Amino acid sequence: MDADPPFHQIYETLLDKNTRGADDHREVGEIIEECELPLIDLGRLSLGNFEKEMCKSEIARASQEWGFFQVVNHGISCEILDKMRSEQVKVFKKSFNEKIKEEKVLNLSSGTYRWGTPTATCLKQLSWSEAFHVPVTDIMASNGFSTALR
């Protein structure tokens with residue numbers, strides 16, 4: 001069973017409408033804008049007042065403009081990050097049908113698994129993302145998903 005969400009099936013009309021008449025894939029690619037996520041150095045929070053305030057300002061701006069950002073110098077060991085990444089890979093490699101049954105298969109609250117953009121009407125609105133939005137209550141629950149990921 002395929003692990004990826006059925007993007008092509010669900011967005012077939014939208015993709016066909018936007019690629020029809022394109023001489024090659026470059027025209028389609030030009031429609032989609034690529035951006036780099038903000039990168040925040042949390043180590044600056046332990047420096048002087050000016051650096052600390054600048055870091056806080058960058059976090060606030062990235063949160064407002066993007067809703068999320070990357071962080072470095074956060075103090076989490078590479079060992080823990082490697083374990084977490086390994087567990088994440090296991091979860092995302094599950095079949096699509098298992099992921100949409102998150103309550104039964106992964107012991108997560110209903111609605112935590114999300115993918116794509118259900119309301120997209122054009123390619124600029126389309127997100128090829130796949131994510132689990134996990135409430136803290138699910139993480140803390142003793143019957144929650146993988147202990148290593150928790």
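## Close-up views of a predicted model

**View 1. L45 and its surroundings.** Leaving out residues up to four places away in sequence, L45 touches K52, C55 and K56; contact here means heavy atoms within 4.5 Å. This is a predicted model, in which local features need pLDDT of at least 70 and side-chain atom pairs count only at pLDDT 80 or more, while totals for chains, interfaces and linings use all residues. Residues are numbered from 1 along each chain as its sequence is written, and side-chain values use heavy atoms, with hydrogens and water left out. You will find L45 in the loop between β1 (39–41) and α4. Helices (H or I, at least four residues) and strands (E, at least two) are DSSP runs, numbered from the N terminus.

**View 2. N73, a loop residue with a positive phi.** N73 sits in the loop between β2 and α5 (78–92). Its phi is near 55 degrees, a positive value in a residue other than glycine. N73 is exposed because its relative accessible area is 52%. Look for L45 too: 28 residues separate L45 and N73 in sequence, and their C-alpha atoms are 9.9 Å apart.

**View 3. Two residues of helix α4.** E58 has its place in helix α4. Which residues does E58 touch, not counting those up to four places away in sequence? They are I40 and R44. The side chains of E58 and R44 also make a polar contact at 3.0 Å. A polar contact is a pair of N or O atoms within 3.5 Å; within protein, one must be able to donate a hydrogen and the other to accept it, and residues adjacent in sequence count only if both atoms are side-chain atoms. S63 lies in helix α4 as well, and S63 is partly exposed because its relative accessibility is 36%. P38 is 25 residues from S63 along the chain, and the two C-alpha atoms are separated by 9.4 Å.

View 4. L37, W66 and F68 make a nonpolar surface patch of about 270 Å². Patches are made of residues with over 30% relative accessible area and no salt bridge; like charges are joined within 9 Å, and nonpolar side chains (Val, Leu, Ile, Met, Phe, Trp, Tyr) within 5 Å. A salt bridge is a side-chain nitrogen of Lys or Arg within 4 Å of a carboxyl oxygen of Asp or Glu. Areas come from the Shrake-Rupley method with a 1.4 Å probe, and for residues only the protein chains shown count as cover. W66 belongs to the loop between α4 (49–65) and β2 (70–72). W66 is partly exposed because its relative accessible area is 33%.

**View 5. The largest nonpolar core.** How many residues does the largest nonpolar core have? It has 14, and those with the most contacts inside it are Y11, L15, L106, Y113, W115, L126 and F132. Helix α2 (12–19) and strand β3 (113–115) each supply at least two residues of this core. A nonpolar core is a set of buried Ala, Val, Leu, Ile, Met, Phe, Trp, Tyr and Cys residues joined through side-chain atoms within 4.5 Å. Apart from its neighbours within four places in sequence, L15 is in contact with H8, L123, L126 and W128.

Note on methods:
Buried < 20%, exposed > 50% of the residue type's maximum accessible area, 1.4 Å probe, protein only.
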